[in-house]
Amino acid sequence: MTKLLHLILRGRWAFEALEEAHALAAQNGVAWDDFLQAARTGGVSPLVYEAVRGRGLLPAPVEEGLRLDYYGVARTNLLRFHRLEEALRGLADAGIDVILLKGAALAEAIYGNLALRPMGDFDLLVHEGDVEGALRVLTALGYARPYGEFRPGFIRAFRNQIMMRKAGDDETRPIEIHWRLLSPLYYQRAIPAGWLWETARAARLGTVPVRILSPEAQVLHLCGHLLQHGGCEKASARQLYDLAEVIVLYRERIKWDEVLARAQTYGLVLPLQEALSRAHALWSLPVPPEVWDRLQRLRPSRGEARAYALLVGGEPVARRLWGGLASIPGWGLRLRYVWGNLFPSAAYMLDQYRIPNRLLLPLYYPYRWLRGLRRVR
């Protein structure tokens, strides 16, 4: 079942994979309900439908289920991207430059079809000096923060994004305004925004001019994003396939020397090795052999190895807190970071935990600490 799914996905650019998939599908014993569920759970059912439609490769009921998924994503994304275009137009009118990240960039510029990429939210990178202006634009369009922050200024100091959402509007996806690429504190300071902006490429979403990351930055971002969500072992098929699609589309244009050099400089050696190896095992990526050899010879720095272990190694929250502290310069900022995590403001606690009576507030701080300590992956 899993092999058949991966063959079909590879068949989007390699016809021989579809032929192999056809032979495998013709065999008895395929659990078709499980196949359809795996495609849906992995977020790739629209991609599977595009690859197989009209070929007689799958049973008619299975193809019909995939077809419904495909047009369902097309319908919802059409509306959601219309709302995104409105937000981008407002940002452009305010003179705020934007780089589309992840799904929004991939659906428009990589897949070239809004029906192929389901969306959870929209991620927009802006210059750090434009964050407040971007928030004002979105606020004027009816967006608001769904929750407060631990302490005033905590998000700007220790996070890389702010989420904005339209209350009561389920069709409009949240927009996350980023000013740094990745959320772990180690990578917030390791990856300079300047390189991302200098190498970004012009694109359009509808009628609005935007930018997308360069092929090299796309590869590194997708690998790093997997890391901040627990690594490849916890990645969905769609997350890994996004990486494969980028590499296939840009196969002749990716500057692999720069990818490898930047990975070493920015502490992304292990995420790059892990994600590329996993995606290659599934879909035989068109990466030159000499690049594979050089990639395997790269060695992570001590700082990267420590950050990697804390992010994917199943460590308790307390250990991740220490990992964050190790990435913060100066004891003043470290104390502020610890204090904000342990003792968020009363307004945050009342909202986050839906405390029915303010008199119960002191009891919720120990509850917060104990719940955090129990979250061991």
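Predicted model: local features only at pLDDT ≥ 70, side-chain atom pairs only at ≥ 80, totals over all residues.
Six strands form an open sheet with mixed pairing, in the order β3-β4-β2-β1-β6-β5. At its edges stand β3 (161–164) and β5 (201–205), each of which pairs on one side only. When direction is ignored, neighbouring strands of this sheet are turned against each other by 40° on average. Within the sheet, strand β1 (residues 99–101) runs parallel to strand β6 (residues 208–212), and 2 bridges join them. Leucine 100 stands opposite isoleucine 212 in β6.

The next element to consider is helix α6, which covers residues 102–111. Of its 10 residues, 8 are buried, and the helix is therefore largely enclosed by the rest of the structure. The buried residues are Lys102, Gly103, Ala104, Ala105, Leu106, Ala107, Ile110 and Tyr111. Just after α6 comes glycine 112, which takes a positive phi of about 70°.

Which residues of α18 are buried? They are Tyr337, Gly340 and Asn341. Seen down the axis of α18, the buried residues fall within an arc of 95°, so they line one face of the helix. The face of α18 that is turned away from the buried side carries the exposed residues Trp331, Gly332 and Leu335.

The aromatic side chains come next. A search of the whole structure finds 19 aromatic pairs. One of them is formed by tyrosine 49 and tyrosine 70; this pair is tilted, with 5.2 Å from centre to centre and 50° between the planes. Tyrosine 49 belongs to helix α4 (residues 45–52) and tyrosine 70 to helix α5 (residues 60–93), so that the pair links distant parts of the chain, 21 residues apart. Both tyrosine 49 and tyrosine 70 are buried.

A further pair leads back to helix α18. Phenylalanine 154 and tyrosine 337 are stacked, with 6.2 Å from centre to centre and 10° between the planes. This pair also links distant parts of the chain: phenylalanine 154 lies in helix α8 (residues 154–158) and tyrosine 337 in helix α18, 183 residues apart. Phenylalanine 154 and tyrosine 337 are both buried. These two residues belong to one aromatic cluster, which is formed by Phe150, Phe154, Phe158, Tyr337 and Tyr348.

Arginine 53 lies over the face of tyrosine 70, at 5.2 Å from the ring centre.

The last stop is isoleucine 247, in helix α12 (residues 237–249). Is this residue buried or exposed? Isoleucine 247 has a relative accessible area of 0%, and because buried means under 20%, isoleucine 247 counts as buried. Glutamine 218 is 29 residues away from isoleucine 247 along the chain, and their C-alpha atoms are separated by 9.2 Å.

Conventions: Residues numbered from 1 in each chain as written. Heavy atoms only, no water. Buried < 20%, exposed > 50% of the residue type's maximum accessible area, 1.4 Å probe, protein only. Helix = DSSP H or I, 4+ residues; strand = E, 2+ residues; numbered from the N terminus. Arc of directions from axis to C-beta. Phe/Tyr/Trp six-rings, centres within 6.5 Å; stacked < 30°, edge-to-face > 60°. Lys NZ or Arg CZ within 6 Å of the ring centre and 35° of its normal. Pairing = 2+ DSSP bridges. Axes fitted to C-alpha atoms, helices over the stretch in contact; angles between N-to-C directions.
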